[in-house]
Amino acid sequence: MKNLVILGGGYGGMRVLARLLPNHLPEDVSITLIDRVPYHCLKTEYYALAAGTISDQHVRVAYPEHPRLTIKYGEITGVDIENRQVQLQGENSVSYDDLIIGLGCEDKYHNVPGADVYTYSIQTIEKSRATYQALNNLTPGSVVAIVGAGLSGVEIASELHESRPDLNIKLFDRGSHILSAFPERLSKYVENWFGSHSVEIVSHSNITRVEENTLFNHDEPISCDAIVWTAGIQPNKVVREMKVEKDSQGRVVLTKHHNIPTDEHLYVVGDCASLPHAPSAQLAEGQAEQIVQILLKRWKGEELPEEMPTIKLKGVLGSLGKKHGFGVVAERPITGRVARMIKSGILWMYKNHRG
């Protein structure tokens with residue numbers, strides 16, 4: 001019996017399971033899924049969990065059940081590529097015949113002193129819970145600094161305003177406009193929304209260090225009651241420590257068939273993979289679809305396709321509270337209630353399809 005091991009029950013790992021189970025897994029293959037928590041987590045909704053507008057249960061989806069699926073919970077400490085083993089903290093290693101690494105990303109602090117100690121995060125469900133407790137225990141009039149005005153920073157700033165309009169929210173960004181990866185029209189729309197909802201945008205910021213309840217912008221201290229970091233990501237530590245070829249962002253370089261160049265049995269999916277698009281749940285799912293196709297062909301001894309089709313992304317959507325949103329769909333900018341409704345509909349379909 002061959003053992004396919006999947007590290008991480010994120011969007012990529014879940015799509016692999018959805019395509020192989022229940023009817024497409026060969027009789028001589030079993031699957032072992034390894035994760036910290038006993039459910040799939042909707043990471044794209046962590047901002048709302050941290051802000052306090054949704055419950056913990058809202059971001060959890062049950063893993064599928066199957067006689068040849070084993071779900072193992074634990075902390076992954078490393079991958080022994082030579083011996084094909086996954087190392088777990090305080091437990092025996094797990095052997096694999098094929099391995100899919102989908103461990104996601106962590107905050108990147110850009111060597112800013114104190115940022116990893118004195119800021120809150122929304123990168124894991126555990127950290128999002130801690131951020132929720134910190135933000136919602138603040139007294140009225142408290143100052144909350146959010147560092148980084150990309151999609152995550154904008155969503156948590158707007159959601160926190162909706163949850164706690166009594167707080168003073170400051171959104172720090174390095175550029176002249178927030179949401180630099182989006183069309184300028186969308187950036188201005190969101191800036192205007194923040195202006196009308198009393199969320200302060202601090203442009204051209206340069207966070208030089210962080211101390212307890214103090215953020216230093218261009219070395220000038222700003223007193224804060226809580227600081228949330230959304231200013232960059234990097235691959236999971238396990239991947240960062242692997243001795244494989246990586247790109248300038250620390251993501252693993254892959255062949256066109258999504259395995260590392262030196263080992264056709266080791267695949268990387270999602271945020272840890274070097275791909276021509278910014279990391280996203282949508283991209284991880286598209287990549288997972290192709291990995292399943294490759295696995296099925298390799299298991300059957302069939303010839304692999306010369307080229308894999310380009311993964312087509314449908315767009316990016318963001319929320320501004322529960323009633324407004326923004327995004328790019330089919331290369332067209334959209335704003336307002338329609339954008340928010342589309343995002344809510346996609347989330348509903350995802351949860352109900354998986355659940």
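Tutor: Gladly! A charge sits over a ring if NZ of Lys or CZ of Arg is within 6 Å of the ring centre and within 35 degrees of the ring normal. This is a predicted model, where local features need pLDDT of at least 70, side-chain atom pairs count only at pLDDT 80 or more, and totals for chains, interfaces and linings use all residues. Residues are numbered from 1 along each chain as its sequence is written, and side-chain values use heavy atoms, leaving out hydrogens and water.

Student: Which ring does the charged end of arginine 209 sit over?

Tutor: The ring of phenylalanine 216, with the charged end 3.7 Å from its centre. That distance is within the 6 Å limit.

Student: Why are tyrosine 11 and tyrosine 350 called an aromatic pair?

Tutor: Rings of Phe, Tyr and Trp (its six-membered ring) pair if their centres lie within 6.5 Å; planes under 30 degrees apart are stacked, over 60 edge-to-face, the rest tilted. A search of the whole structure finds 4 such pairs. Tyrosine 11 and tyrosine 350 have centres 5.5 Å apart and planes at 55 degrees, so this pair is tilted.

Student: Why is tyrosine 350 called buried?

Tutor: Buried means under 20% relative accessible area, exposed over 50%, and partly exposed in between (1.4 Å probe, protein chains only). Tyrosine 350 has 12%, so it is buried.
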